[in-house]
Amino acid sequence: MMLSWIDWMVIAGYFVLIAGIAWWTIKRQKEKTTDQYFLAGRHLGWFIVGASIFASNIGSEHLVGLAGSGATDGVAMAHYELHAWCLLVLAWVMVPFYMRSRVFTMPEFLERRFSPEARTVLSAISLVAYVLTKIAVGVFAGGVVFSVLLPEINFYGLDSFWVGSFLVIIITGIYTVLGGLSAVAYTEAIQTIVLIIGSALVTIFGLHYIGGWSELRSIVGSEMFNLWKPLIPHGMAGTWAPVKEAGRMAWYFNDNYPWLGMLFCAPIIGLWYWCTDQYIVQRALAARNETQARRGSIAASYFKLLPVFIFIIPGIICYGLAVSGKVPALQQQLIGPDGQIIRDQAQQAFPLMVAHVLPVGVRGIVVAGLLAALMSSLAGVFNASSTLFTIDFYSRIKKNISQERLVRVGRIATTVMVLIGLAWLPVIRGGKGLYDYLQGVQAYLAPPIFVVFFAGILNKRLNAKGCLAALSTGFVLGLFRLAVDTPVKLIPGFRYPEGSFLWIINNIYFQYYSLVIFLISIAVMYLVSYSTEEPDYQKISGLTFGTINEEHRKATRASWSRWDLVASIIVIMIIIAVYLYFTG
């Protein structure tokens with residue numbers, strides 16, 4: 001595909017707009033304090049909070065991954081996007097505790113509730129996970145987008161994957177280093193608008209190209225519109241025995257998004273991500289007050305409903321256009337000799353739609369949206385990682401250090417994250433094996449974190465020893481699964497002997513294994529806590545439901561109105577309507 005001069009003008013306009021907002025934000029910063037740099041002075045309004053949460057979540061890997069899953073499995077992955085209700089849990093359940101505590105980071109909150117050791121463990125795990133997953137996966141997906149949309153780019157022997165990824169990482173890094181969370185949040189608000197408009201145009205033009213919604217459904221079949229996949233694929237017999245053979249398979253080996261995993265495991269990952277992950281919650285912590293933090297979270301829940309329609313549906317449309325032969329180029333790229341979609345090629349579904357369906361000018365808007373997705377998610381992880389390192393490690397090692405020095409260290413930490421992003425480029429160029437492998441990491445690390453945060457807030461009797469035991473046990477189980485999966489994912493041709501213990505562990509569907517980690521973690525936390533001494537309830541005042549006083553209740557009640565409640569109920573109703581519609 002060749003972008004026209006109009007498209008390039010649109011893309012240039014996007015960069016000018018982002019540069020202008022970043023510059024304006026940086027110039028506004030008069031104080032060099034940790035509040036200002038890491039939490040935007042705690043003065044963000046609800047729209048900026050909501051848009052920033054959404055933009056941080058939606059990276060180019062979502063456009064690549066969600067559209068790809070739409071092309072191969074229909075709306076199955078919409079379960080994760082319908083986790084907009086998790087943002088309502090953040091708004092109504094978690095925000096009051098977080099805003100009362102006045103913390104900078106989620107590990108810091110864990111220290112207030114439990115112990116400094118719990119804070120250190122979570123900080124270390126979070127930092128490693130951000131480097132391995134959010135930076136690596138984001139850059140990889142961005143490279144896929146550039147290589148499909150801008151294949152004509154060549155700069156001194158470097159192809160579009162290298163040139164595009166390098167430029168976006170550098171540009172994003174500059175304004176993140178200089179402006180901190182203020183620059184990140186305000187640019188993300190604009191990027192959200194660009195991203196939504198651009199992606200919506202792909203859906204609109206795609207539906208027009210294929211002949212409308214009814215035509216799409218008739219071409220791809222009703223199963224592509226079924227959110228509830230069976231425990232065993234059609235035509236297979238299920239069994240408890242650990243086997244995988246023609247016509248028969250253990251039900252817990254089925255990886256085609258079975259309803260059991262989506263119903264019970266997906267919410268655990270969702271609640272961890274939306275309610276306890278620094279990457280997301282940092283925006284709520286930066287709100288002006290509890291009212292703005294809650295309304296920002298509610299606004300983000302509305303934004304979060306959109307990916308089903310602007311990312312997944314374009315993937316389904318792409319499959320429909322390919323399988324029907326209406327766009328021969330798509331058929332050649334995506335459909336194999338057997339008439340089935342080539343799953344390895346499906347991750348190109350969204351950029352292929354942009355290349356072959358959109359008219360001149362509109363392509364530029366959508367490419368700007370793709371750049372917005374990549375830049376916003378990278379800016380978010382750069383800033384979150386910098387905050388974790390500076391606040392949870394450096395400031396605890398170097399006592400009585402000035403605010404200005406901490407900001408300087410934060411900028412250096414952000415620069416290091418940018419350099420790590422660049423260093424990942426040659427590694428991730430290796431292909432989809434690494435990308436697929438990294439997608440499962442959060443499912444193995446999330447359950448123990450979810451347990452200690454939610455159980456810790458719900459039950460005041462749980463103590464620091466129980467928290468550390470749950471975190472340690474859960475992380476060991478998760479790392480064990482990752483160690484088992486790694487050779488299979490990254491070494492071509494590697495397989496465990498069929499029927500062996502490690503083969504069984506490797507083949508258990510990741511959501512089921514994640515559910516096992518969750519159950520063991522919560523059991524360990526309760527057993528250890530109740531077999532050891534009670535915590536000091538005075539120290540955890542206001543940090544659990546059991547230690548809230550009347551003053552806390554009044555402050556929280558005064559922070560919301562009936563319109564906040566109505567807005568939340570509407571989100572729930574939309575989610576229920578989508579679930580009722582997408583049943584095949």
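Which residues in helix 7 meet which residues in helix 18? The legends below take up this contact and two further views of the structure, which is a predicted model.

**View 1. Packing of helix 7 against helix 18 in the predicted model.** Helix 7, spanning residues 106-113, packs with helix 18, spanning residues 362-397, at an angle of about 50°, and the axes of the two helices are 8 Å apart. Helix 7 is therefore oblique to helix 18. From helix 7, the residues Pro107, Glu108 and Glu111 take part in the contact, and they meet Leu388, Ile391, Asp392 and Arg396 of helix 18. Sorted by class, this contact of helix 7 with helix 18 comprises four charged and three nonpolar residues, with no polar residues.

**View 2. The salt bridge between Arg119 and Asp392.** Side chains of opposite charge can pair when their charged atoms come close. Here Arg119 forms a salt bridge with Asp392, and the closest N and O atoms of the pair are 2.7 Å apart. Because Arg119 lies in helix 8 (residues 116-149) and Asp392 in helix 18, the pair ties together parts that are 273 residues apart in sequence. The structure holds 13 salt bridges.

**View 3. The lining of the second largest pocket.** By class, the lining residues of the second largest pocket divide into four charged, four polar and three nonpolar.

Note on methods. Residues numbered from 1 in each chain as written. Predicted model: local features only at pLDDT ≥ 70, side-chain atom pairs only at ≥ 80, totals over all residues. Heavy atoms only, no water. Axes fitted to C-alpha atoms, helices over the stretch in contact; angles between N-to-C directions. Helix = DSSP H or I, 4+ residues; strand = E, 2+ residues; numbered from the N terminus. Parallel < 35°, antiparallel > 145°, perpendicular 65-115°, else oblique. Contact = heavy atoms within 4.5 Å. Nonpolar A, V, L, I, M, F, W, Y, C, P; charged D, E, K, R; others polar. 1 Å grid on protein atoms, 1.4 Å probe; cavity = no way out; pocket = protein on both sides within 12 Å on 5 of 7 lines; lining within 4 Å. Salt bridge = Lys/Arg side-chain N within 4 Å of Asp/Glu carboxyl O.
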